[in-house]
Amino acid sequence: VVSHYLSTGYMWDVIRAKNGAYGAYSKFSSVDGVGTFFTYRDPNTPDTTLGLFNGAAQSVLDDVESSALTRDNNAAITTAIIGTIGGLDGSALSPRAAGWEALIRHLYGESTISRQRHRNEILKTTVDDFIDYAQRVKSWREQSIAIVASLSAFNEMKSRTGQELSVLVQANADQEEDQSGE
(Lines give C-alpha, C1' and ligand atoms only; values in the text may rest on other atoms or scores of the structure.)
Protein backbone atom coordinates (compact mmCIF):
# COMPACT_ATOMS: atom_id res chain seq x y z
CA VAL A 1 0.00 0.00 0.00
CA VAL A 2 2.84 2.37 0.86
CA SER A 3 4.56 1.51 -2.42
CA HIS A 4 1.41 2.48 -4.30
CA TYR A 5 1.20 5.70 -2.27
CA LEU A 6 4.82 6.54 -3.13
CA SER A 7 4.42 5.66 -6.83
CA THR A 8 1.38 7.88 -7.25
CA GLY A 9 2.65 10.63 -4.96
CA TYR A 10 6.31 11.30 -4.25
CA MET A 11 7.73 9.27 -7.13
CA TRP A 12 5.32 10.82 -9.63
CA ASP A 13 5.66 14.38 -8.36
CA VAL A 14 9.38 14.54 -7.60
CA ILE A 15 11.07 12.09 -9.94
CA ARG A 16 8.72 12.17 -12.91
CA ALA A 17 7.14 15.63 -12.98
CA LYS A 18 9.95 17.73 -11.49
CA ASN A 19 12.99 15.77 -12.68
CA GLY A 20 11.85 14.45 -16.04
CA ALA A 21 11.89 10.65 -15.75
CA TYR A 22 9.32 9.04 -18.03
CA GLY A 23 8.33 6.68 -15.23
CA ALA A 24 9.14 6.34 -11.53
CA TYR A 25 7.89 3.50 -9.37
CA SER A 26 8.05 1.91 -5.96
CA LYS A 27 7.29 -1.80 -5.66
CA PHE A 28 7.19 -4.21 -2.76
CA SER A 29 6.98 -7.95 -3.27
CA SER A 30 5.03 -9.73 -0.58
CA VAL A 31 6.39 -13.00 -2.00
CA ASP A 32 10.06 -12.37 -1.18
CA GLY A 33 9.99 -9.14 0.85
CA VAL A 34 12.03 -7.18 -1.68
CA GLY A 35 11.33 -3.48 -1.98
CA THR A 36 12.48 -1.61 -5.07
CA PHE A 37 12.52 1.88 -6.48
CA PHE A 38 13.09 2.27 -10.19
CA THR A 39 12.79 4.75 -13.00
CA TYR A 40 12.32 4.45 -16.72
CA ARG A 41 13.88 6.73 -19.33
CA ASP A 42 15.40 8.87 -16.63
CA PRO A 43 17.47 11.81 -17.91
CA ASN A 44 19.19 12.29 -14.53
CA THR A 45 22.52 10.85 -13.48
CA PRO A 46 22.21 7.70 -11.39
CA ASP A 47 23.47 9.42 -8.25
CA THR A 48 20.86 12.18 -8.62
CA THR A 49 18.08 9.61 -8.90
CA LEU A 50 19.46 7.61 -5.97
CA GLY A 51 19.37 10.80 -3.91
CA LEU A 52 15.74 11.29 -4.86
CA PHE A 53 14.99 7.66 -3.94
CA ASN A 54 16.54 8.30 -0.53
CA GLY A 55 14.02 11.10 -0.01
CA ALA A 56 11.03 8.78 -0.47
CA ALA A 57 10.97 7.47 3.09
CA GLN A 58 11.35 10.95 4.53
CA SER A 59 8.45 12.14 2.38
CA VAL A 60 6.18 9.56 4.04
CA LEU A 61 7.32 10.64 7.50
CA ASP A 62 6.82 14.29 6.50
CA ASP A 63 3.28 13.48 5.35
CA VAL A 64 2.58 11.93 8.75
CA GLU A 65 3.95 15.03 10.51
CA SER A 66 1.96 17.41 8.32
CA SER A 67 -1.27 15.45 8.86
CA ALA A 68 -1.50 14.46 5.18
CA LEU A 69 -1.56 10.93 6.66
CA THR A 70 -3.59 10.60 9.84
CA ARG A 71 -4.86 7.79 12.04
CA ASP A 72 -8.56 8.53 11.65
CA ASN A 73 -10.58 8.31 8.43
CA ASN A 74 -7.69 9.02 6.10
CA ALA A 75 -8.62 9.52 2.45
CA ALA A 76 -5.00 9.20 1.27
CA ILE A 77 -4.59 5.77 2.87
CA THR A 78 -7.99 4.64 1.57
CA THR A 79 -7.03 5.75 -1.95
CA ALA A 80 -3.73 3.84 -1.70
CA ILE A 81 -5.57 0.74 -0.46
CA ILE A 82 -8.02 0.90 -3.37
CA GLY A 83 -5.16 1.32 -5.85
CA THR A 84 -3.27 -1.59 -4.33
CA ILE A 85 -6.29 -3.90 -4.45
CA GLY A 86 -6.92 -2.78 -8.04
CA GLY A 87 -3.33 -3.67 -8.93
CA LEU A 88 -3.69 -7.03 -7.21
CA ASP A 89 -6.93 -7.99 -8.94
CA GLY A 90 -6.53 -6.03 -12.16
CA SER A 91 -9.19 -6.01 -14.80
CA ALA A 92 -10.91 -8.87 -16.57
CA LEU A 93 -8.39 -11.14 -18.26
CA SER A 94 -8.58 -12.82 -21.63
CA PRO A 95 -8.72 -16.63 -21.47
CA ARG A 96 -5.04 -16.81 -22.43
CA ALA A 97 -3.99 -14.26 -19.80
CA ALA A 98 -6.18 -15.96 -17.18
CA GLY A 99 -4.49 -19.29 -17.93
CA TRP A 100 -1.05 -17.71 -17.66
CA GLU A 101 -1.99 -16.01 -14.38
CA ALA A 102 -3.30 -19.31 -12.99
CA LEU A 103 -0.02 -21.02 -13.91
CA ILE A 104 2.07 -18.33 -12.22
CA ARG A 105 -0.09 -18.47 -9.10
CA HIS A 106 0.22 -22.25 -9.03
CA LEU A 107 4.01 -22.09 -9.40
CA TYR A 108 4.21 -19.61 -6.50
CA GLY A 109 1.88 -21.79 -4.42
CA GLU A 110 -0.65 -18.98 -4.23
CA SER A 111 -4.14 -20.20 -3.39
CA THR A 112 -7.44 -18.36 -3.37
CA ILE A 113 -7.30 -18.45 0.42
CA SER A 114 -3.81 -16.91 0.54
CA ARG A 115 -4.87 -14.19 -1.91
CA GLN A 116 -7.85 -13.34 0.30
CA ARG A 117 -5.58 -13.23 3.38
CA HIS A 118 -3.33 -10.83 1.47
CA ARG A 119 -6.33 -8.64 0.55
CA ASN A 120 -7.44 -8.62 4.20
CA GLU A 121 -3.97 -7.47 5.29
CA ILE A 122 -4.04 -4.70 2.69
CA LEU A 123 -7.45 -3.55 3.94
CA LYS A 124 -6.08 -3.29 7.50
CA THR A 125 -3.31 -0.84 6.50
CA THR A 126 -2.91 2.07 8.94
CA VAL A 127 -0.70 5.10 9.29
CA ASP A 128 1.50 2.98 11.59
CA ASP A 129 2.26 0.71 8.62
CA PHE A 130 3.33 3.76 6.63
CA ILE A 131 5.66 4.85 9.44
CA ASP A 132 7.11 1.34 9.79
CA TYR A 133 7.69 1.05 6.04
CA ALA A 134 9.39 4.45 5.89
CA GLN A 135 11.67 3.60 8.80
CA ARG A 136 12.61 0.29 7.16
CA VAL A 137 13.35 1.99 3.84
CA LYS A 138 15.59 4.50 5.60
CA SER A 139 17.55 1.63 7.15
CA TRP A 140 18.08 -0.34 3.90
CA ARG A 141 18.51 2.41 1.41
CA GLU A 142 22.18 1.60 0.69
CA GLN A 143 22.28 -2.15 1.23
CA SER A 144 21.86 -3.18 -2.39
CA ILE A 145 21.88 -0.91 -5.42
CA ALA A 146 21.69 -1.97 -9.05
CA ILE A 147 22.03 0.60 -11.82
CA VAL A 148 21.28 0.04 -15.48
CA ALA A 149 22.96 2.89 -17.33
CA SER A 150 25.34 3.65 -20.15
CA LEU A 151 28.97 2.99 -19.34
CA SER A 152 29.76 6.69 -19.68
CA ALA A 153 27.03 7.66 -17.16
CA PHE A 154 28.24 4.92 -14.83
CA ASN A 155 31.87 6.05 -15.03
CA GLU A 156 30.86 9.69 -14.57
CA MET A 157 28.98 8.81 -11.39
CA LYS A 158 31.89 6.70 -10.14
CA SER A 159 34.40 9.52 -10.62
CA ARG A 160 32.09 12.24 -9.26
CA THR A 161 31.03 10.38 -6.10
CA GLY A 162 34.18 8.36 -5.41
CA GLN A 163 32.01 5.34 -4.60
CA GLU A 164 33.31 1.80 -5.10
CA LEU A 165 31.18 0.58 -7.99
CA SER A 166 31.56 -2.47 -10.20
CA VAL A 167 30.20 -3.23 -13.65
CA LEU A 168 28.60 -6.66 -13.45
CA VAL A 169 27.24 -6.90 -16.99
CA GLN A 170 28.24 -4.79 -19.93
CA ALA A 171 26.19 -5.06 -23.11
CA ASN A 172 27.18 -3.54 -26.43
CA ALA A 173 30.69 -2.79 -25.16
CA ASP A 174 32.10 -1.97 -28.60
CA GLN A 175 29.28 0.44 -29.38
CA GLU A 176 29.68 2.19 -25.99
CA GLU A 177 33.42 2.61 -26.50
CA ASP A 178 32.87 4.12 -29.96
CA GLN A 179 30.35 6.63 -28.61
CA SER A 180 32.46 7.65 -25.62
CA GLY A 181 35.59 8.13 -27.73
CA GLU A 182 37.68 5.71 -25.64
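Visitor: Which residues form a nonpolar patch on the surface?
Guide: In this predicted model, the nonpolar surface patch is formed by Tyr-22, Tyr-25, Phe-38 and Tyr-40, and together these residues have about 420 Å² of accessible area.

Visitor: Okay, let's go inside. How many residues does the largest nonpolar core have?
Guide: The largest nonpolar core has 33 residues, and those with the most contacts inside it are Leu-6, Met-11, Ile-15, Val-60 and Phe-130. At least two residues of this core come from each of helix 1 (2-8), helix 2 (10-18), helix 3 (46-65), helix 4 (75-89), helix 7 (127-140) and helix 8 (151-161).

Visitor: And which helix gives the most to this core?
Guide: That is helix 3, which gives the most to the core, with seven residues.

Visitor: You mentioned Ile-15; what does Ile-15 touch?
Guide: If residues up to four places away in sequence are not counted, Ile-15 touches Tyr-10, Gly-20, Ala-21, Ala-24, Thr-39, Leu-52 and Phe-53.

Visitor: New topic: is Thr-84 buried or exposed?
Guide: Thr-84, whose place is in helix 4, counts as buried, because its relative accessibility is 18% and the limit for buried is under 20%.

Visitor: What is Thr-84 in contact with?
Guide: Leaving aside neighbours within four places in sequence, Thr-84 is in contact with Val-1, His-4 and Ile-122.

Visitor: What about Arg-119, buried or exposed?
Guide: Arg-119 is found in helix 6, residues 112-123, and at 16% relative accessibility Arg-119 counts as buried. Not counting residues up to four places away in sequence, Arg-119 touches Ile-85, Leu-88 and Asp-89.

Visitor: Last one: where is the place of Glu-156, and what separates its C-alpha atom from that of Tyr-5?
Guide: Glu-156 has its place in helix 8, and at 40% relative accessibility Glu-156 counts as partly exposed. The C-alpha atoms of Glu-156 and Tyr-5 are separated by 32 Å, and these two residues are 151 residues apart along the chain.

How values were computed:
Residues are numbered from 1 along each chain as its sequence is written. This is a predicted model: local features need pLDDT of at least 70, side-chain atom pairs count only at pLDDT 80 or more; totals for chains, interfaces and linings use all residues. Side-chain values use heavy atoms; hydrogens and water are left out. A nonpolar core is a set of buried Ala, Val, Leu, Ile, Met, Phe, Trp, Tyr and Cys residues joined through side-chain atoms within 4.5 Å. Buried means under 20% relative accessible area, exposed over 50%, partly exposed in between (1.4 Å probe, protein chains only). Helices (H or I, at least four residues) and strands (E, at least two) are DSSP runs, numbered from the N terminus. Contact means heavy atoms within 4.5 Å. Patches are made of residues with over 30% relative accessible area and no salt bridge: like charges are joined within 9 Å, nonpolar side chains (Val, Leu, Ile, Met, Phe, Trp, Tyr) within 5 Å. Accessible areas come from the Shrake-Rupley method with a 1.4 Å probe; for residues, only the protein chains shown count as cover. A salt bridge is a side-chain nitrogen of Lys or Arg within 4 Å of a carboxyl oxygen of Asp or Glu.
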